[in-house]
Amino acid sequence: MLLPGATGSKEDFVLLAPLLADAGHFVQSHELAGHYQACAAGPGGTEPWDYAPFVADLIVFPDAGPTPVHVLGYSIAGIVAELALAALYRVAG
C-alpha cells in the first residue's frame, strides 16, 4: 500500500508501482481524505483537525485486498501509518 503525503497524490508512485507489480506484488495507493481526488471526503473547514479519521480510513482500506500488507507512506501519511499500526496492536495485543 502506497500512501502519499499531504502535498502529494497517488500519482507520486507512477514509477514505483509498476516495478512492484512486475515483482509480483499487489499494489494499491490510498490518498488521505481531503487530498487531491479524495478532497470531497475530507473534513470541513469548521471541524478541529485530528489524525483519527485518517487512521480509521487506513485501517479498513486493506480489507479490500490480500494480506499481509506492506505500507510505504511519506510525510503525514507516514505518521498516519504508524498510528494505524499502533492502534491495530492495541486492539490485537
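Leu-72 sits in strand S2, which covers residues 72-73. Strands here are DSSP runs of E with at least two residues, helices are runs of H or I with at least four, and both are numbered from the N terminus. Before I go on, this is a predicted model: local features need pLDDT of at least 70, side-chain atom pairs count only at pLDDT 80 or more, and totals for chains, interfaces and linings use all residues. Residues are numbered from 1 along each chain as its sequence is written, and side-chain values use heavy atoms, with hydrogens and water left out.

What does Leu-72 touch, leaving aside neighbours within four places in sequence? Leu-72 is in contact with Met-1, Leu-2, Leu-3, Phe-13 and Leu-16. Contact means heavy atoms within 4.5 Å. Leu-72 and Ser-29 are 43 residues apart in sequence, and their C-alpha atoms are 9.5 Å apart in space.

Leu-72 also belongs to a nonpolar surface patch with Leu-16 and Leu-19, and together the three have about 260 Å² of accessible area. A patch takes residues with over 30% relative accessible area and no salt bridge; nonpolar side chains (Val, Leu, Ile, Met, Phe, Trp, Tyr) are joined within 5 Å, and like charges within 9 Å. The areas come from the Shrake-Rupley method with a 1.4 Å probe, and for residues only the protein chains shown count as cover.

Now the overall layout. The protein has three helices and two strands. Along the sequence they follow the pattern β-α-α-β-α. There are 93 residues, and buried ones make up 28% of them. The accessible surface comes to about 6,100 Å², with 63% of that belonging to carbon and sulfur atoms. If we take contacts between residues at least 6 apart in sequence, 70% of them join residues at least 24 apart.

Met-1 comes next, in the segment before S1. Met-1 is buried, at 11% relative accessible area. Met-1 and Val-71 are 70 residues apart in sequence, yet their C-alpha atoms are 4.8 Å apart in space.

Met-1 is also touched by His-30. Where is His-30 found? His-30 is in the loop between H1 and H2, and it is buried, with a relative accessible area of 12%. Not counting residues up to four places away in sequence, His-30 touches Met-1, Leu-2, Leu-3, Pro-4, Asp-57, Leu-58 and Phe-61.

Leu-58 takes us to helix H2, residues 52-60, where Phe-54, Val-55 and Leu-58 are buried. These three cover an arc of only 100 degrees around the axis, which puts them on the same side of H2. The arc is that of the directions from the helix axis to the C-beta atoms.

Next, the loop between strand S1 (2-3) and helix H1 (16-22), where Ser-9 lies. Ser-9 counts as buried, at 9% relative accessibility. The side chain of Ser-9 makes a polar contact with the side chain of Glu-11, at 2.8 Å. A polar contact is a pair of N or O atoms within 3.5 Å; within protein, one must be able to donate a hydrogen and the other to accept it, and residues adjacent in sequence count only if both atoms are side-chain atoms. Ser-9 and Ser-29 are 20 residues apart along the chain, with C-alpha atoms separated by 8.8 Å.

How many salt bridges does the structure hold? It holds one. The pair is Glu-11 and Lys-10, with the closest N and O atoms 4.0 Å apart. A salt bridge is a side-chain nitrogen of Lys or Arg within 4 Å of a carboxyl oxygen of Asp or Glu. Side chains of opposite charge can pair when their charged atoms come close. Glu-11 is partly exposed at 38% relative accessible area, and Lys-10 is partly exposed at 29%.

Last, Ser-75, in the loop between S2 and helix H3 (76-92). Ser-75 has a positive phi of about 60 degrees although it is not a glycine. Ser-75 is partly exposed, with a relative accessible area of 47%.

Conventions:
Buried means under 20% relative accessible area, exposed over 50%, partly exposed in between (1.4 Å probe, protein chains only).
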